[in-house]
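Biologist: I would like to go through this structure feature by feature. Please give the general idea before each case.

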Amino acid sequence: MVEVEETEELASPLLADVPSSSSRKSHRSFKRTGTVWTAIAHIITGVIGSGVLSLAWSMAQLGWIAGPLGILVFGVISIISSLLLCDCYRYPNPEVGHIRNRSYSQAVRSYLGKKSMYVCEIFVQESYYGYGIAYTITSAISMRAIRRSNCFHNKGHDAPCEFGDNFYILLFGVIQIPFSQIPNFHEMEWLSIFAAIMSFAYTLIGTALGLAKVIGDGRIRGDITGVSTTNIAEKVWLTSQAVGDIAFAYTYNIILVEIEDTLKDPPPQNRTMKKASTAAVLLITFFFLCCGCFGYAAFGNQAPGNILTGFGFYEPYWLIDFANVCIVLHLVGGYQVYSQPLFAAAERWIAKKLPNSEVINKNYTLKLPVLPEVRLNVLRLCFRTAYVASTTALAMLFPYFNQVLGVLGALNFWPLAIYFPVEMYLVQNNVRAWTRLWVVLQTFRVLCLVCTIFAFIGSLEGLINSKLT
């Protein structure tokens with residue numbers, strides 16, 4: 001049975017271009033019930049994803065000194081960036097400001113103006129879309145790895161157990177279509193908590209398997225400088241890809257403001273979010289170090305690009321299968337965490353352009369036996385299905401795990417994690433030019449820019465080379 005109901009606003013106002021009184025009034029219909037624990041769950045769901053699986057490979061390119069140091073440095077940068085950004089949820093005062101900036105882009109508009117918001121929006125939406133592609137690739141690799149694991153177990157480790165990616169990429173896309181109909185971010189707490197549990201599970205399994213292999217072999221593999229190459233240029237390219245992969249592993253700033261918008265007050269949301277961000281990043285950094293270091297210690301310079309699908313581990317096969325199932329289940333939720341804000345932005349823009357359209361302003365309630373009722377909307381159904389189809393198609397075109405992660409991490413790290421948070425902090429606190437604090441922050445920004453350019457060029461070279469060969 002299908003019932004029709006009117007709705008004032010289709011999309012969750014997570015990304016509103018203009019903080020108008022009408023949008024603020026509509027947003028009050030969402031009751032903010034989030035706590036520091038739900039915020040930590042959202043952050044973990046967004047951060048521990050594809051990136052953690054590539055850290056052993058990144059360590060192999062950088063070696064025992066630069067590898068752990070790189071993970072720690074990016075962890076510190078993430079904490080600094082998130083602390084700056086937490087104060088930008090409200091405007092003009094971070095605790096009692098009367099304007100709620102319900103998205104990263106809206107915060108940029110409030111503090112830096114409309115032109116900066118347009119530039120920021122390009123990177124934000126590209127980043128959301130890129131995560132959808134990366135998570136599709138990773139999930140497909142994990143689903144294929146389950147089949148390969150069982151094949152190796154049944155036929156022996158030397159058996160020709162090779163299977164293509166396209167079927168599994170398509171399968172993940174089909175799975176995402178119904179999940180993408182979840183109306184908004186506020187109704188996803190259960191999915192984030194479940195996904196966070198899955199992420200802890202496979203991270204712990206990967207770490208435990210690496211540690212077990214080190215103990216079983218009785219030696220710690222790896223070199224101080226990492227993988228040896230035939231020429232310096234190749235080493236530079238691999239190093240830059242590794243830096244890009246680590247940057248990708250930590251990037252979650254684009255969803256920080258959306259997460260903060262789910263928190264109840266009092267206490268002020270910025271205080272709760274600072275606690276959640278610091279605790280989550282410290283915990284994540286610990287897991288990243290464990291997974292990367294134990295993986296590198298186990299396999300040395302032969303560490304696979306994906307620690308749980310590169311088949312450095314064959315047994316126990318059931319544990320490998322379980323870990324990859326956890327990856328898929330986690331990334332089903334992670335895909336939505338990064339896609340929901342993009343859905344909201346696009347659908348709000350369309351609703352603004354066509355305010356009287358029945359396609360946009362009517363919800364259809366589908367009642368099925370046994371199952372809970374489902375709310376459908378024609379625009380949401382069509383747009384989100386097309387979005388999933390496009391990320392699926394691009395994942396099939398570029399199914400290169402490490403290279404895609406490196407490009408995405410390098411492309412979005414500096415503008416979203418460094419430039420805009422620092423610039424908003426300078427404006428918010430009226431920091432004058434050439435003061436000590438201004439010089440420190442500008443130096444920090446320039447150094448991160450150099451690192452980002454280095455990682456982007458190398459990762460792009462790796463992506464192009466992989467496609468051509």
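Biologist: Where is the place of H330?

Modeller: Helices are DSSP runs of H or I with at least four residues, strands are runs of E with at least two, and both are numbered from the N terminus. H330 is in helix α12, residues 317-353. Before going on, note that residues are numbered from 1 along each chain as its sequence is written. This is a predicted model, so local features need pLDDT of at least 70 and side-chain atom pairs count only at pLDDT 80 or more, while totals for chains, interfaces and linings use all residues, and side-chain values use heavy atoms, with hydrogens and water left out.

Biologist: Is H330 buried or exposed?

Modeller: Buried means under 20% relative accessible area, exposed over 50%, and partly exposed in between, with a 1.4 Å probe and protein chains only. H330 has a relative accessible area of 0%, so it is buried.

Biologist: With which side chain does the side chain of H330 make a polar contact?

Modeller: A polar contact is a pair of N or O atoms within 3.5 Å; within protein, one must be able to donate a hydrogen and the other to accept it, and residues adjacent in sequence count only if both atoms are side-chain atoms. For H330 the partner is the side chain of Y202, at 2.9 Å.

Biologist: How many helices and strands does the chain have?

Modeller: The chain has 16 helices and five strands. Of its 469 residues, 57% count as buried. Contact means heavy atoms within 4.5 Å. Among contacts between residues at least 6 apart in sequence, 83% join residues at least 24 apart. As a separate case of separation along the chain, take S149 and T309: they are 160 residues apart, and their C-alpha atoms are separated by 8.8 Å. S149 lies in helix α6 and counts as buried at 2% relative accessibility.

Biologist: Why is α5 largely enclosed by the rest of the structure?

Modeller: Seven of the nine residues of α5 are buried, so this helix is largely enclosed. The buried residues are Y104, S105, Q106, A107, V108, S110 and Y111. What covers them includes α4 (55-86), β2 (90-91), β3 (99-100), α6 (114-155), α10 (256-260) and α15. After α5 comes G113, with a positive phi near 105°.

Biologist: At roughly what angle do the axes of α5 and α15 cross?

Modeller: Axes are lines fitted to C-alpha atoms, for helices over the stretch in contact, and angles run from 0 to 180 degrees between N-to-C directions. The axes of α5 (residues 104-112) and α15 (residues 401-428) cross at roughly 35° and come within 9 Å. From α5 the contact involves Y104, A107, V108, Y111 and L112, and from α15 it involves P415, L416, A417, F420, P421, E423, M424, V427 and Q428. These residues divide into twelve nonpolar, one polar and one charged. For that division, Ala, Val, Leu, Ile, Met, Phe, Trp, Tyr, Cys and Pro count as nonpolar, Asp, Glu, Lys and Arg as charged, and the others, Gly among them, as polar.

Biologist: How many disulfides are there?

Modeller: A disulfide is a covalent bond between the sulfur atoms of two cysteines. The rule applied here is a pair of cysteine sulfur atoms within 2.5 Å. By this rule the count is zero. C86 is in no disulfide, and the nearest cysteine sulfur, that of C88, is 8.8 Å away. For C88 the closest cysteine sulfur is in C86, and that distance is too far for a bond. C86 is buried at 0% relative accessible area, and C88 is also buried, at 0%.

Biologist: Is the peptide bond from D265 to P266 cis or trans?

Modeller: The bond from D265 to P266 is cis, with omega near 0°. The peptide bond from P266 to P267 is cis, with omega near -5°. P266 is in the loop between α10 and α11 (269-299), and P267 lies in the loop between α10 and α11.
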